[in-house]
Amino acid sequence: MDTGFTVAQLRAAVADAVRAPSLHNSQPWRFRLRDGGIELSVDPARRLPATDPSGWGARIACGAALFNLRLALAVAGTPARVRLRPYPAEPEVMARLVPDLPRRPTPAEQSLHAAVARRFSNRAPFWPDPVPADTRWRLGEAARAEQCWLELLIGVSAVNAFAEIARSANRVLERDPDYRAELAEWVRTEPAPDGVPAAAGGPQSEPQDLLPARGFGGRSRAPGRDFEPEPLVVVLGSAGNTATDQLVAGQALQRVLLTATDAGLGASMMSQPIEVPGAREALRLSLGRFGTPQMVMRIGYGQLGRPTPRRGVDEVLDLPVVPA
């Protein structure tokens, strides 16, 4: 077994890790090599105090980045053993990865890894083509593989009940001027390595839309036109809601998203009903599930797009200073 990872292995894995999703594409992570292990930390400078006061979203994002790290290392033949939140005295460190026994990557790992560079949040309307039953099963298996659950909202009544919860949560958030100001700060009208490009924001919401959408400055559409008539809505949940549970859920989220990408599907996230505590509890009760909802996604077939920009590897690494 190797004694530790190298800087070259760190850099190669981080190039994939930064492709993970995050609230407002804020990219709240940093990476370093310490005593031969790769460590992932939350970046307090990139927290969203109005949207994410508890740090839940930053931990979900770090969990998603962690899954990409695991995947990149496995595909390189250098899989890792992972400890979540390894240092009680350093709560900002989310995970530590050390080398495991070398092995060949599995076909499933190779397929998911190939999807990392293609995955993006598709905020445009999806086509009416239904997601096949076997693909829905694969999405559920992806969540279960990471010790989480995935609830598919089937039928008009289930989707309508969720939509009411989501719209109510969105109204609560939009009444907060700090939330609106923070959202506007992360919209990009010029090329930038973070934030959400206005061109990727999707069409602006209309009053008749079934599901709420964040106003990232997307284009308007014909008045009275529906966004999409019957979206596939899925809820990802974890056993609990500790910081560790949220890291676990972030890894499950990324596995589900990459599984969807590998199947030719698009996905976008709706976290408004998770961000409002009362809405999250109402959602949990409506599902009849034990545990905690951690993310909601809409999934379907849609138009091609491109991933949003990311900061370069050098901008997210903390490398030791070598004495002259």
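Axes here are lines fitted to C-alpha atoms, for helices over the stretch in contact, with angles running from 0 to 180 degrees between N-to-C directions. The views below all come from a predicted model.

**View 1. Helix α1 crossing helix α2.** Here α1 (residues 7–17) meets α2 (residues 56–75), with the two axes coming within 8 Å and crossing at roughly 130 degrees. That angle makes α1 oblique to α2. As for handedness, the α1 and α2 crossing is right-handed. On the α1 side, the contact uses Q9, A13, V14, D16 and A17, while α2 brings A65, N68, L69, A72 and L73. Sorted by class, that gives seven nonpolar residues, two polar ones and one charged.

**View 2. Helix α5 against helix α9.** Now look at α5 (residues 156–174) and α9 (residues 277–287), whose axes sit 10 Å apart at an angle of about 175 degrees. Angles over 145 degrees count as roughly antiparallel, and α5 and α9 are therefore roughly antiparallel to each other. Which residues of α5 and α9 meet? From α5 there are F162, I165 and A169, and from α9 there are A279, A282, L283 and S286. The class tally for this contact is six nonpolar, one polar and no charged residues.

**View 3. Helix α3 on helix α7.** In this pair, α3 (residues 107–116) packs with α7 (residues 243–262) at an angle of about 90 degrees, and the axes are 9 Å apart. So α3 and α7 are roughly perpendicular to each other. S111, L112, A115 and V116 do the touching for α3, and R255, L258, T259, T261 and D262 do it for α7. Split by class, the contact has four nonpolar, three polar and two charged residues.

**View 4. R298 and the ring of F126.** Zoom in on F126 and you'll find R298 lying over the face of the ring, 4.0 Å from the ring centre. How many aromatic pairs does the count come to? The count of ring-to-ring pairs comes to zero.

**View 5. G4 and its surroundings.** G4 sits in the segment before α1. Setting aside neighbours within four places in sequence, G4 is in contact with Q9, G36 and P99. Q9 also turns up in View 1, as one of the α1 residues making the contact with α2.

Definitions and conventions: Residues are numbered from 1 along each chain as its sequence is written. This is a predicted model: local features need pLDDT of at least 70, side-chain atom pairs count only at pLDDT 80 or more; totals for chains, interfaces and linings use all residues. Side-chain values use heavy atoms; hydrogens and water are left out. Helices (H or I, at least four residues) and strands (E, at least two) are DSSP runs, numbered from the N terminus. Angles under 35 degrees count as roughly parallel, over 145 as roughly antiparallel, 65 to 115 as roughly perpendicular and the rest as oblique. A crossing is left-handed if the near helix is turned anticlockwise from the far one by less than a right angle, and right-handed if clockwise. Contact means heavy atoms within 4.5 Å. Ala, Val, Leu, Ile, Met, Phe, Trp, Tyr, Cys and Pro count as nonpolar, Asp, Glu, Lys and Arg as charged, and the others, Gly among them, as polar. Rings of Phe, Tyr and Trp (its six-membered ring) pair if their centres lie within 6.5 Å; planes under 30 degrees apart count as stacked, over 60 as edge-to-face and the rest as tilted. A charge sits over a ring if NZ of Lys or CZ of Arg is within 6 Å of the ring centre and within 35 degrees of the ring normal.
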